[in-house]
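Biologist: Could you walk me through a few local details of this model?
Modeller: Gladly, once it is on the screen.

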Amino acid sequence: MQSIDWLIVLSYLVITMGLGIYLSRKASSSLEDFFVSGRSLPWWLVGVSMAATTFSIDTPLLITGIVGNQGIAGNWLWWSFGISHLLTIYLFAKMWRRSEVITDAELTEIRYGGKMAAVLRGVKAFIFAVPMNCIGIGYAMLGMVKVVDALQIWETLGIEAGDTQLKIWSVVGVSLFVLVYSGLAGLWGVVATDFFQFILALLGALLVAGIALDRIGGMETLISRIPEVTDINTLAILPFDIGGEGGVISFGEAAGITASAFFANIFIQWWAWRRSDGGGEFVQRFAAAKTEAEAEKAAWTFNIMHYVVRTWPWIIVALVALVVFPDLEDKELGYPMLMLEFLGPGLLGLVVASLVAAFMSTVSTSINWGASFITNDLYRRFVNSEATQTQLVLVGRLSSVLVTGLGAIAAFLANDISQVFELIIAIGTGSGLVLMLRWFWWRVNAAAELTAIVASFIVGSLATLAVGWQVPAGSWQETWVVNPMSDYGIRVMTITVIVCSLWIVVMFLTPPESEATLDEFYRRTRPGGLGWGRQQANTGLLPAQNLTLDLKRSVAANLLLFGMLLGCGGFLLLRSLFGWFWLIVAVIGGMWLRQLNKHKAIAIPRPGTEE
């Protein structure tokens with residue numbers, strides 16, 4: 001880091017902080033302004049903000065580690081979530097906007113009634129805001145700490161200390177800056193800066209990918225050298241990879257990802273995870289959109305940016321890092337080390353600023369989101385229901401301090417980004433199905449969802465801890481006992497089966513919600529399908545959703561999105577047959593989706609009215 005690099009980074013930080021201070025007045029007027037920007041954001045800003053939120057400083061490090069250890073096919077760990085993200089566009093985004101909630105925990109007392117609903121809201125708010133969210137913040141901070149360490153920033157500043165002390169300084173410094181920034185401006189500041197942060201972060205990723213690829217001689221040279229530095233088929237986009245180097249290969253070591261892991265990713269993980277219905281920070285973004293239609297457009301913008309636009313620059317950098325640093329023990333460090341290796345003064349500062357931007361967009365969102373649970377679903381709901389808007393904004397800012405502090409502790413205790421990522425998935429696995437069904441089936445009750453949320457956190461934590469369990473050395477059992485939890489796919493399937501079994505049993509052993517509660521929920525969100533026939537009769541309202549049509553749209557959208565994702569990969573990796581196949585799939589999906597979108601919903605008047 002030279003003087004010009006520091007100037008670029010500091011300039012970015014000053015501009016960002018100035019914008020946060022300027023927007024702090026907008027965020028101070030009410031709880032809705034602080035957490036959902038007064039429900040006035042345009043679709044393009046919401047969509048880019050969602051994309052910026054999922055692009056943190058840890059993300060390129062995570063992808064570099066995945067490709068280095070499992071090959072390109074290992075990315076199905078997160079690609080598979082595209083299925084649920086596309087379902088969100090057509091099945092859930094508009095209903096979330098119609099519900100007009102501030103947090104997804106708030107929805108529980110709209111969907112359910114009585115004391116059980118209140119208990120569910122409190123438990124859900126606590127689990128999501130504190131342990132789950134703070135682990136996520138710590139995960140992002142760990143990425144920042146690794147970059148600071150790899151770039152030798154403290155040494156550049158003349159600070160000499162042990163590894164533990166440097167890690168503490170890194171975590172504290174990062175935490176304080178993001179806390180001030182996000183605590184001042186609320187979601188207004190987060191979203192307003194997300195747009196510029198995303199552009200800068202994407203530019204940084206493209207710069208690293210382009211320059212690194214050029215320095216080693218281009219894509220042909222890269223592809224030819226990969227087999228020399230790895231024992232797995234790193235270039236396989238699919239683990240059974242037809243048309244790749246060596247023809248058809250089997251699951252297992254050769255593919256870099258096991259059959260059980262791939263099966264769990266494609267067929268289970270996307271619907272079993274706790275955000276299967278678009279919950280989490282995305283709810284906050286949908287709630288902030290101007291209209292339902294704008295929420296849908298925002299969701300599409302996010303999916304294109306997240307899965308198609310920025311996937312391959314990260315993967316190219318990961319492949320180059322594997323060739324340049326084949327003996328690197330911690331593969332995740334390949335990304336920042338390439339920056340030092342190939343970027344000169346000025347460019348290095350720009351890319352470092354882009355990583356800082358990516359980090360800030362994610363962590364500031366998580367801080368604001370976690371504080372919204374504490375303020376809206378714990379303090380206002382259970383402590384002071386008569387709190388003024390000024391008091392609520394103050395509590396929101398104090399909650400931001402708490403969430404940031406706990407996230408910093410998580411960052412200090414963690415060491416491996418990919419392991420923390422798998423933990424985040426594990427503690428939310430199993431509850432996704434009940435979260436999806438509650439929108440479309442009246443029989444789902446508060447007891448079932450409470451069981452799913454608590455069980456997924458407990459079972460997921462235990463399953464993750466079980467990964468480290470080993471048979472003692474010298475035991476007579478050592479030759480034949482194998483720990484099944486060490487396999488990621490088996491772990492996901494086990495958690496899902498246990499959690500789903502528990503909440504289904506509890507649901508049928510406990511009474512359904514009252515007719516009044518169900519009628520009010522239906523009146524507010526108007527879901528489609530056969531699960532609300534009685535509520536349609538009770539309220540005299542037809543669904544605002546054509547569920548069959550929306551499911552077809554979701555299938556067509558999946559063909560379009562994954563066709564583009566895999567097609568781009570095929571052409572970039574100089575596998576034209578693979579690329580053309582998936583491009584054709586994308587065209588078919590796009591044409592089908594366009595045809596389906598021509599179907600207009602027919603407005604039928606309510607009985608006894610002329611509406």
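Modeller: Leaving aside residues up to four places away in sequence, Q535 touches W442, E515, L518, D519, Y522 and G540, where contact means heavy atoms within 4.5 Å. This is a predicted model, in which local features need pLDDT of at least 70 and side-chain atom pairs count only at pLDDT 80 or more, while totals for chains, interfaces and linings use all residues. Residues are numbered from 1 along each chain as its sequence is written, and side-chain values use heavy atoms, with hydrogens and water left out.

Biologist: Is Q535 buried or exposed?
Modeller: Q535 is buried, because its relative accessible area is 0% (buried means under 20% and exposed over 50%, with partly exposed in between, using a 1.4 Å probe and protein chains only).

Biologist: Switching topic, at what angle do α14 and α25 pack?
Modeller: Helix α14 (residues 292-309) and helix α25 (residues 547-572) pack at about 25 degrees, with their axes 10 Å apart; axes are lines fitted to C-alpha atoms over the stretch in contact, and angles run from 0 to 180 degrees between N-to-C directions. α14 is therefore roughly parallel to α25, a term for angles under 35 degrees.

Biologist: And which residues make the contact?
Modeller: On α14 they are W300, N303, I304, Y307 and V308, and on α25 they are A557, L560, L561, M564, L565 and C568.

Biologist: Which residues of α14 are buried?
Modeller: Among them are W300, N303, Y307 and V308, and also E294 and E296.

Note on methods: Helix = DSSP H or I, 4+ residues; strand = E, 2+ residues; numbered from the N terminus. Parallel < 35°, antiparallel > 145°, perpendicular 65-115°, else oblique.
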